[in-house]
Amino acid sequence: MAIKSRNICADGKREMTIEEFKRWLKKFDADKDGRISRDELAEAVRFSGGWFARLKARRGVGTVDRNGNGFIDESEIKNLAEFAEKHLGVRIFHF
């Protein structure tokens, strides 16, 4: 399952809107609880072709999990989008 987006930039980053990013991310919510766990984020990284999926997932959850519950919920998705732009090879448009 690859990240589907409208464009791929000259620098190789996939471009998508924040809504497309949210829809893509929901595909990895294995238990359908509306939150993304570290393991679910690792799957997303792995399926997007990323290396060191577990390390990036641990860093991602640690960086964006503002309430410290160990999950990324709807209120933290914007923070995850910023993390993804820096570390996961995507460019997200905020319209």
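pLDDT is the predictor's confidence in each residue, on a scale from 0 to 100. The model discussed here is predicted. Its mean pLDDT is 86, and 85% of the residues reach 70 or more. Over residues 1–5 the pLDDT is below 50, and this stretch has 13 contacts in the model beyond near neighbours in sequence. By element, confidence is lowest in strand 1 (residues 7–8), with a mean of 67. It is highest in helix 3 (residues 53–64), where the mean is 93.

**Buried residues of helices 2 and 4**

Helix 2 spans residues 38–47. Its buried residues are Glu40, Leu41, Ala42, Ala44 and Val45. The cover over these buried residues includes helix 1 (18–26), helix 3 and helix 4. After helix 2 comes Gly49, which has a positive phi near 90°.

Helix 4 runs over residues 77–87 and contains Asn79. Leu80 also lies in helix 4. Asn79 has a relative accessible area of 19%, and buried means under 20%, so Asn79 counts as buried. Leu80 is buried as well, because its relative accessibility is 0%.

Asn79 is in contact with Val64 and Arg66. Leu80 is in contact with Phe21, Leu25, Leu41, Val64 and Ile72. Across the sequence, Leu80 and Lys22 are 58 residues apart, while their C-alpha atoms are 9.9 Å apart in space.

**Aromatic residues**

How many aromatic pairs does the structure hold? There are four aromatic pairs, and two of them are described here. Trp24 and Phe28 form an edge-to-face pair, with 5.0 Å between ring centres and 70° between the planes. Trp24 is buried at a relative accessible area of 7%, and Phe28 is likewise buried at 7%. The rings of Trp51 and Phe52 have centres 6.3 Å apart and planes at 50°, so this pair is tilted. Phe21, Trp24, Phe28 and Phe47 form one aromatic cluster.

Trp51 is located in the loop between helix 2 and helix 3. Is Trp51 buried or exposed? Trp51 is exposed, with a relative accessible area of 65%. Phe52 counts as exposed too, at 60% relative accessibility. Together with Leu55, Trp51 and Phe52 make a nonpolar surface patch of about 400 Å². The tilted pair of Trp51 and Phe52 is therefore part of this patch.

The table collects the accessibility values given above.

| Residue | Relative accessible area | Class |
|---|---|---|
| Trp24 | 7% | buried |
| Phe28 | 7% | buried |
| Trp51 | 65% | exposed |
| Phe52 | 60% | exposed |
| Asn79 | 19% | buried |
| Leu80 | 0% | buried |

Note on methods:
Residues numbered from 1 in each chain as written. Predicted model: local features only at pLDDT ≥ 70, side-chain atom pairs only at ≥ 80, totals over all residues. Heavy atoms only, no water. Helix = DSSP H or I, 4+ residues; strand = E, 2+ residues; numbered from the N terminus. Contact = heavy atoms within 4.5 Å. Patch = residues over 30% accessible without salt bridge, like charges linked within 9 Å, V, L, I, M, F, W, Y side chains within 5 Å. Areas by Shrake-Rupley, 256 points an atom, 1.4 Å probe, with all protein chains shown as cover. Salt bridge = Lys/Arg side-chain N within 4 Å of Asp/Glu carboxyl O. Buried < 20%, exposed > 50% of the residue type's maximum accessible area, 1.4 Å probe, protein only. Phe/Tyr/Trp six-rings, centres within 6.5 Å; stacked < 30°, edge-to-face > 60°. Lists of a residue's contacts leave out its neighbours within four places in sequence.
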